Protein chains: 4
Amino acid sequence: MNTFGHLFRITTWGESHGGAVGVVVDGCPPQIALDISTIQFELDRRRPGQSHLTTPRQESDVVEILSGVFEGKTLGTPISMLVWNKDARPAAYEHLKQLYRPSHADFTYQEKYGIRNWQGGGRASARETIGRVAAGAIAKQVLREMSGTETLAYVKQIHTLEAEVDADTVTLEDIEASPVRCPDPIVAPKMAERIDQARRDLDSLGGVIESVARNVPVGLGEPVFDKLKADLAKAMMSLPATMGFQIGSGFGGVTMTGSEHNDPFYLEKGDQTERIRTRTNNSGGTQGGISNGENILFQIAFKPTATIGKPQQTVDMQGNEVTLEASGRHDPCVLVRAPAIVEAMAALVLTDHLLRQRAKF
Amino acid sequence: MNTFGHLFRITTWGESHGGAVGVVVDGCPPQIALDISTIQFELDRRRPGQSHLTTPRQESDVVEILSGVFEGKTLGTPISMLVWNKDARPAAYEHLKQLYRPSHADFTYQEKYGIRNWQGGGRASARETIGRVAAGAIAKQVLREMSGTETLAYVKQIHTLEAEVDADTVTLEDIEASPVRCPDPIVAPKMAERIDQARRDLDSLGGVIESVARNVPVGLGEPVFDKLKADLAKAMMSLPATMGFQIGSGFGGVTMTGSEHNDPFYLEKGDQTERIRTRTNNSGGTQGGISNGENILFQIAFKPTATIGKPQQTVDMQGNEVTLEASGRHDPCVLVRAPAIVEAMAALVLTDHLLRQRAKF
Amino acid sequence: MNTFGHLFRITTWGESHGGAVGVVVDGCPPQIALDISTIQFELDRRRPGQSHLTTPRQESDVVEILSGVFEGKTLGTPISMLVWNKDARPAAYEHLKQLYRPSHADFTYQEKYGIRNWQGGGRASARETIGRVAAGAIAKQVLREMSGTETLAYVKQIHTLEAEVDADTVTLEDIEASPVRCPDPIVAPKMAERIDQARRDLDSLGGVIESVARNVPVGLGEPVFDKLKADLAKAMMSLPATMGFQIGSGFGGVTMTGSEHNDPFYLEKGDQTERIRTRTNNSGGTQGGISNGENILFQIAFKPTATIGKPQQTVDMQGNEVTLEASGRHDPCVLVRAPAIVEAMAALVLTDHLLRQRAKF
Amino acid sequence: MNTFGHLFRITTWGESHGGAVGVVVDGCPPQIALDISTIQFELDRRRPGQSHLTTPRQESDVVEILSGVFEGKTLGTPISMLVWNKDARPAAYEHLKQLYRPSHADFTYQEKYGIRNWQGGGRASARETIGRVAAGAIAKQVLREMSGTETLAYVKQIHTLEAEVDADTVTLEDIEASPVRCPDPIVAPKMAERIDQARRDLDSLGGVIESVARNVPVGLGEPVFDKLKADLAKAMMSLPATMGFQIGSGFGGVTMTGSEHNDPFYLEKGDQTERIRTRTNNSGGTQGGISNGENILFQIAFKPTATIGKPQQTVDMQGNEVTLEASGRHDPCVLVRAPAIVEAMAALVLTDHLLRQRAKF
């Protein structure tokens with residue numbers, strides 16, 4: 001279904017063309033001050049056309065809040081938000097009506113539903129993430145007020161170029177200062193160059209987004225099925241184009257032994273307080289599926305964008321072989337826009353679990 | 001919560017020590033012939049102590065079906081199954097009462113709940129997976145009857161040793177023929193050796209499980225949040241010790257370009273039938289989150305087991321530094337038992353989506 | 001939460017004043033032809049100001065469909081609908097800002113959330129039912145196409161005036177032909193008179209709505225908790241102002257003995273077909289919580305509207321005694337508008353269970 | 001499905017014959033002291049065969065707790081409880097194998113599932129309520145500890161005999177002191193007599209259970225769909241044999257006018273505290289679906305038990321007319337055992353909403 005979350009719950013709706021896209025946020029605690037400009041800021045981060053590196057479509061994506069907020073504060077009732085679709089040009093998609101674009105969802109939607117909106121990607125379009133980002137912006141505000149928790153995400157790798165980033169100290173400003181949203185000043189320009197080359201090659205690139213959540217309370221996450229890592233994995237793998245998720249040591253950790261991998265506990269003593277911490281963080285901030293107070297650190301693999309400029313062989317709905325000609329515009333690397341989406345999903349998961357934990361005592 | 005699935009829904013319960021562990025399977029279609037011996041077979045595959053490679057504890061794990069089955073067939077009502085705990089020796093765990101074992105869930109459970117069953121791993125114990133495996137055995141039967149779908153899993157990598165397996169042709173017999181459940185006759189013996197060495201080193205190893213689902217109907221998986229890949233990711237990341245999930249090209253796919261990665265469609269013509277297929281399967285069997293009829297192929301990273309034989313530095317509940325002495329027995333590589341669990345979780349996800357798809361038309 | 005249904009699932013949002021009210025319908029089967037005029041028709045039935053008998057506010061309530069429909073057919077994706085609020089006059093409610101209106105939700109909302117939109121009834125307003133009615137209009141269409149099932153509701157009683165209606169034969173036209181939506185030509189005019197008197201008395205009236213579902217397939221409803229009667233009860237008791245629900249013999253049945261009350265089975269033989277039926281229908285169309293193919297018949301008690309024209313004693317938020325003066329306009333009997341809402345809720349419940357049943361085989 | 005509740009969630013399982021019946025309680029807060037004898041006490045209240053007034057079957061119904069409790073306290077993990085079935089005598093039901101008993105669930109189960117356990121009522125048996133009562137006993141303990149809330153239920157009416165009970169002051173002792181669980185010393189003996197007569201007549205009786213919840217915190221219940229009255233209605237109408245639910249003024253309230261029905265607010269001043277209350281309680285303790293701190297008062301109509309001693313006309317599975325002969329034993333009035341069940345369901349609903357409310361702040 002189109003709903004995510006148990007206590008802090010969002011329902012997104014809308015195809016990429018025609019009407020609008022939007023979200024209903026249910027379960028938001030009351031009396032949270034909501035700044036619409038911070039919601040718009042996140043949508044702007046997600047929006048295509050922010051620089052020459054991203055798709056040339058100009059989508060203004062202005063959010064409207066239709067319910068749930070009164071005199072600047074949440075009411076505790078559902079918050080409905082929408083963004084109107086402006087870029088509806090059916091003719092531009094007419095040639096796709098009968099085609100199955102490779103590695104797109106055309107074929108599977110047609111088979112699943114027996115019908116599809118061929119004017120763009122329908123629900124499979126990245127435009128669906130507008131609702132997630134708007135809802136995530138509210139979740140971020142709830143986390144900030146209730147537990148001081150922060151979620152950040154940035155480009156860790158594009159194609160073969162891997163960045164070095166200190167997840168413990170990186171800031172939103174560091175990320176936004178880079179046109180490719182990679183806060184490694186040495187690798188970031190190379191990434192931009194690689195993307196430009198891909199555009200000239202009429203091709204596309206994938207990569208890895210890394211995300212960190214800091215100042216996470218101990219105790220979030222439910223054994224057994226709703227482990228924090230499981231809900232984060234689902235959240236991230238529900239995004240278009242994602243092919244993998246790993247937390248902490250991830251796939252690299254399999255070549256370590258237990259004695260190397262285990263995170264030893266120690267008592268950290270501050271001036272006034274002391275708390276139990278781990279010396280290493282191979283666990284990535286959760287143990288037994290529950291947050292342990294260390295930073296939550298995870299990566300997501302994104303495949304290269306399916307839409308490319310080169311002609312491709314494919315079939316139409318009747319199975320006839322046809323050539324899909326270049327459409328003349330394409331976004332060679334969507335990762336540049338992904339950090340806002342990943343942060344939003346992380347914030348949604350953490351807020352949901354924060355509320356679930358509050359119910360217990 | 002302790003429930004997984006939307007229409008085919010399981011609820012597991014039980015700590016590792018005291019009483020029993022079990023599962024309630026809700027939403028199972030009626031009139032499915034259920035062979036209790038196949039359920040027991042799967043539990044035996046999951047059980048420790050199957051060979052010298054696994055933990056020496058002898059758990060017989062005999063399943064009892066308490067409801068939902070009548071004259072050998074499912075009634076459509078909840079199927080309750082349990083396995084009694086036999087290995088309750090509180091004294092063996094007495095020394096752990098006050099300790100936080102590194103990379104175990106002792107600390108996070110204590111912080112979350114303010115109480116924990118210190119006699120073993122409680123709900124965080126791998127023993128919780130008994131319920132999943134029993135339920136998965138039923139799901140497998142449903143899949144077999146309703147769509148002819150099969151799920152298989154095997155050891156793909158242990159520590160640095162990686163196997164070569166043809167996911168399209170591997171059989172359950174191939175997997176079970178290997179003591180390490182790796183159907184690569186060359187690498188498997190090396191894995192066994194490596195595990196033996198880890199035991200002698202009082203250490204532990206991690207690895208990668210690979211899983212394939214074959215003969216999956218086109219159209220399973222829901223846009224947007226309940227994509228098949230998202231639900232598989234959640235299912236797998238809800239297992240103890242998992243650190244990563246990838247599908248299709250996974251993390252490796254990020255170094256490909258779009259023109260290399262896209263899976264071209266073609267029409268496969270048989271004698272009587274024809275169907276649209278893809279020439280490559282970088283997508284791993286889903287597009288837009290929906291199955292496309294190709295094999296679903298994914299991998300899961302398991303960290304090295306947290307329980308090792310070496311002494312370790314840690315803290316007790318008061319934060320005092322203490323040494324955790326070896327307990328005298330440990331399972332150096334749980335991966336050998338993981339295939340049954342991974343197959344079960346895959347079967348549960350697929351069955352749930354199969355039923356959801358049937359509701360639509 | 002603000003979501004109802006398991007497979008056919010609606011989420012409503014919106015306060016009575018400011019922005020809009022709306023609904024997201026999730027899980028609607030694809031390829032259902034949707035006529036927007038039938039949705040508008042149901043909203044018009046629900047709308048105040050249809051005759052001198054109802055509230056004089058003029059709300060045009062024009063529905064907009066923003067997603068999920070393509071070329072007149074459902075896509076299987078979420079259908080988002082909204083109606084803009086036009087009657088926002090905060091000044092008209094200024095005097096209520098600090099007051100707790102008797103038998104309204106002002107006090108409980110304020111205590112629950114610590115904040116409320118005092119400009120009208122917020123989420124407790126009957127305006128929230130717009131989303132339900134719009135969604136129900138879609139559910140009706142699904143029922144018609146998939147199983148030929150029809151839901152109808154009408155005024156059975158207002159104050160002490162009780163109508164006689166044959167639930168097996170009454171039609172929508174019969175109901176709509178009456179200004180009070182009571183298809184008893186003798187009692188209906190008396191009801192209209194009674195309502196007019198209540199308006200002159202600055203008072204209000206309650207009553208009973210009766211609803212019938214005809215041509216319901218055998219087998220809808222889940223044991224144990226999601227019995228059809230249980231979900232109908234929840235649906236109806238989730239409406240504002242409802243105080244009771246009864247099905248079949250209801251509260252009256254308690255004075256019968258078992259031998260009087262039991263519904264004997266018999267075989268009804270038609271020309272081509274035969275089916276098992278019951279001679280009486282004290283069960284109201286469900287047995288064991290599951291539909292038995294007989295008409296589903298139930299009644300709902302609505303209290304007299306809380307808003308009246310007479311001055312009332314109450315307290316303000318600080319507990320000071322104050323007099324709530326008449327607002328100058330009130331709707332003395334909301335029952336006249338309730339049939340559309342009751343039919344919608346019944347259709348939502350039946351559609352959900354119809355899809356659930358289809359998943360089973 | 002067989003699950004009820006959102007945060008405090010129960011899953012019941014088990015047919016009336018064969019194996020066992022049980023429940024899994026999920027979401028119970030940790031560190032609640034659990035007295036198994038209070039759970040057994042509630043099961044004993046529910047149990048048939050307590051006096052000559054109820055069914056002569058002797059069911060000992062001894063509960064076993066299999067998980068979730070450690071050293072007398074809840075762990076916060078699922079609590080699994082079961083009661084073994086002892087009364088399995090297939091031969092006693094052999095004559096029912098092909099029959100559809102009037103107003104039983106035989107026909108609808110057969111049509112829904114195509115299979116049924118004909119050895120007793122299967123899931124439709126009142127035996128299913130064992131799980132509810134055991135879970136409710138835990139919920140009662142949670143309510144007592146967390147909010148001091150108490151739920152009580154008693155027989156208000158049997159056949160035409162109606163009792164007078166002061167819901168504000170009645171005690172558990174008053175209820176249990178009466179063999180028919182009616183705390184009206186004048187009417188109760190007449191009820192017992194009426195039941196004895198029904199037994200001699202080989203017939204059965206229905207009635208009304210009244211239930212009160214006292215000391216309920218203000219603010220429980222969610223607008224819109226999960227109103228407290230809606231969830232109570234669903235809970236009660238999910239019980240076997242229930243035909244109606246009403247809260248506060250109920251169906252009787254429809255003959256009042258608004259000025260008579262509205263509950264005026266006032267400020268109650270105590271020595272140290274003051275709180276806003278209502279002078280009357282026609283609302284039955286909720287307004288806008290949310291508890292207002294007054295007692296929650298509701299009634300449930302139970303039809304006369306379907307099993308009677310008289311022969312009845314019915315059909316078999318092939319539609320042939322047959323006579324259902326008396327089975328020789330029947331329980332002429334199940335209401336005597338219903339108070340424990342109603343209290344349990346009320347406690348489950350209130351506990352769920354109590355936890356939901358705690359999540360908000």
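**Sheet in chain A**

I began with chain A, where I found an open sheet of 5 strands in the order β1-β2-β3-β7-β4, paired in the antiparallel sense; strands here are DSSP runs of E of at least two residues, helices are runs of H or I of at least four, and both are numbered from the N terminus. Two strands count as paired if DSSP finds at least two bridges between them.

This is a predicted model, in which local features need pLDDT of at least 70 and side-chain atom pairs count only at pLDDT 80 or more, while totals for chains, interfaces and linings use all residues. Residues are numbered from 1 along each chain as its sequence is written, and chains are lettered from A and ligands numbered from 1 in the order in which they are written.

I noted β1 (3-4) and β4 (64-65) of chain A as the edge strands, each pairing on one side only. β1(A) pairs with β2 (residues 9-13) of chain A over 2 bridges, antiparallel, and I found Thr3(A) opposite Thr11(A) of β2(A).

**Two helices in chain B**

I then looked up helix α7 (residues 228-237) and helix α9 (residues 338-358) of chain B, whose axes come within 9 Å and cross at roughly 145°; the axes are lines fitted to C-alpha atoms over the stretch in contact, with angles from 0 to 180 degrees between N-to-C directions. The contact involves residues including Leu228(B) and Leu232(B) of α7(B), and Val342(B) and Met345(B) of α9(B), where contact means that C-beta atoms, placed from the backbone, lie within 7 Å. By class I recorded 9 nonpolar, 1 polar and 1 charged residues, taking Ala, Val, Leu, Ile, Met, Phe, Trp, Tyr, Cys and Pro as nonpolar, Asp, Glu, Lys and Arg as charged, and the others, Gly among them, as polar.

**Ile175 in chain C**

Is Ile175(C) buried or exposed? Ile175(C), which sits in helix α5 (residues 172-176) of chain C, is buried because 21 other C-beta atoms lie within 10 Å; the cut-offs are 20 or more for buried, 12 or fewer for exposed, and partly exposed in between, with C-beta atoms placed from the backbone. Leaving aside neighbours within four places in sequence, I found Ile175(C) in contact with residues including Leu152(C), Val170(C) and Pro339(C). Ala153(C) is 22 residues from Ile175(C) in sequence and 8.1 Å away in space, C-alpha to C-alpha.

**Between chains**

Last, I saw that 10 residues of chain D are in contact with 10 residues of chain A, and that the side of chain D touching chain A has 6 nonpolar, 1 polar and 3 charged residues.

Definitions and conventions. Contact = placed C-beta atoms within 7 Å.
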